[in-house]
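Visitor: I would like to learn how to read a fold from its coordinates. Please take me through one case, feature by feature.

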Amino acid sequence: MAMAATDIERLIKESFPDAVVVIEDLAGDGDHYSARVTSQAFAGKSRVQQHQMVYSALKGQMGGVLHALALETSLPK
């Protein structure tokens, strides 16, 4: 069972209300996505910590319903 891009965005925005989230379905199959997440919540965090924060926001969906996610995180300019 695949996960909809809107569900990924919703889960991320629940944890990061200020986030700008751009989701792309890389293979058109609902299993392989890329996500760009921009949020002030990443201030002072390493790239690894930022990615861990996003994976945590996905509430255990990675590796299950959500097979692959290429992740890019950043702070607002």
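This is a predicted model: local features need pLDDT of at least 70, side-chain atom pairs count only at pLDDT 80 or more; totals for chains, interfaces and linings use all residues.

Visitor: Which elements does the chain have, and in what order do they run?

Guide: The chain has two helices and three strands. Read from the N terminus, their order is α-β-β-α-β.

Visitor: How does the radius of gyration of the chain compare with that of a compact globule?

Guide: For 77 residues, a compact globule would have a radius of gyration near 11 Å, and the chain has 12 Å, which agrees. Along the principal axes, the C-alpha atoms fill a box of roughly 35 × 20 × 20 Å. The accessible surface comes to about 4,500 Å², and 53% of that belongs to carbon and sulfur atoms. Of the 77 residues, 30% count as buried.

Visitor: What share of the contacts join residues at least 24 apart?

Guide: That share is 56%, taken among contacts between residues at least 6 apart in sequence.

Visitor: Next, the helices. Why do residues three or four places apart in an α-helix point the same way?

Guide: An α-helix has 3.6 residues a turn, so such residues point the same way. In α1, the buried residues include Ile8, Leu11 and Ile12. These cover an arc of only 95 degrees around the axis, which puts them on the same side of α1. The buried residues of α1 pack against β1, β2 and α2.

Visitor: Which residues of α2 are buried, and where do they lie around its axis?

Guide: Gln50, His51, Val54 and Ala57 are the buried residues of α2. They fall within an arc of 115 degrees when seen down the axis, so they line one face of the helix. Val48 and Ser56, on the other side of α2, are exposed. The buried residues of α2 pack against α1, β2 and β3. Just after α2, Lys59 takes a positive phi of about 50 degrees.

Visitor: Is Gln50 buried or exposed, and which residues is Gln50 in contact with?

Guide: Gln50 has 6% relative accessibility and therefore counts as buried, the cut-off being under 20%. Leaving aside neighbours within four places in sequence, Gln50 is in contact with Phe42, Lys45, Thr73 and Ser74.

Visitor: Now the core. What do nonpolar side chains tend to do in soluble globular proteins?

Guide: They tend to be buried together. Here the largest nonpolar core has 17 residues, of which Ile12 and Val37 touch the most other members. The elements giving two or more residues to this core are α1 (5–15), β2 (32–38), α2 (47–57) and β3 (68–74).

Visitor: Which residues does Val37 touch?

Guide: Not counting residues up to four places away in sequence, Val37 touches Ile12, Ala19, Val20, Val21, Phe42, Val54, Leu71, Glu72, Thr73 and Ser74.

Visitor: Last, the rings. What describes a pair of aromatic rings?

Guide: Such a pair is described by the distance of the centres and the angle of the planes. In this chain the count comes to one aromatic pair. The ring centres of Phe16 and Phe42 are 5.4 Å apart and their planes are at 55 degrees, so the pair is tilted. Phe16 sits in the loop between α1 and β1 (20–25), and Phe42 in the loop between β2 and α2. The two are 26 residues apart, and the pair links distant parts of the chain.

Visitor: Are Phe16 and Phe42 buried or exposed?

Guide: Both Phe16 and Phe42 are buried.

Methods. Residues are numbered from 1 along each chain as its sequence is written. Side-chain values use heavy atoms; hydrogens and water are left out. A nonpolar core is a set of buried Ala, Val, Leu, Ile, Met, Phe, Trp, Tyr and Cys residues joined through side-chain atoms within 4.5 Å. Buried means under 20% relative accessible area, exposed over 50%, partly exposed in between (1.4 Å probe, protein chains only). Helices (H or I, at least four residues) and strands (E, at least two) are DSSP runs, numbered from the N terminus. Contact means heavy atoms within 4.5 Å. Rings of Phe, Tyr and Trp (its six-membered ring) pair if their centres lie within 6.5 Å; planes under 30 degrees apart count as stacked, over 60 as edge-to-face and the rest as tilted. The radius of gyration is taken over C-alpha atoms; the globule rule is 2.2 Å times the number of residues to the power 0.38. Accessible areas come from the Shrake-Rupley method with a 1.4 Å probe; for residues, only the protein chains shown count as cover. The arc is that of the directions from the helix axis to the C-beta atoms.
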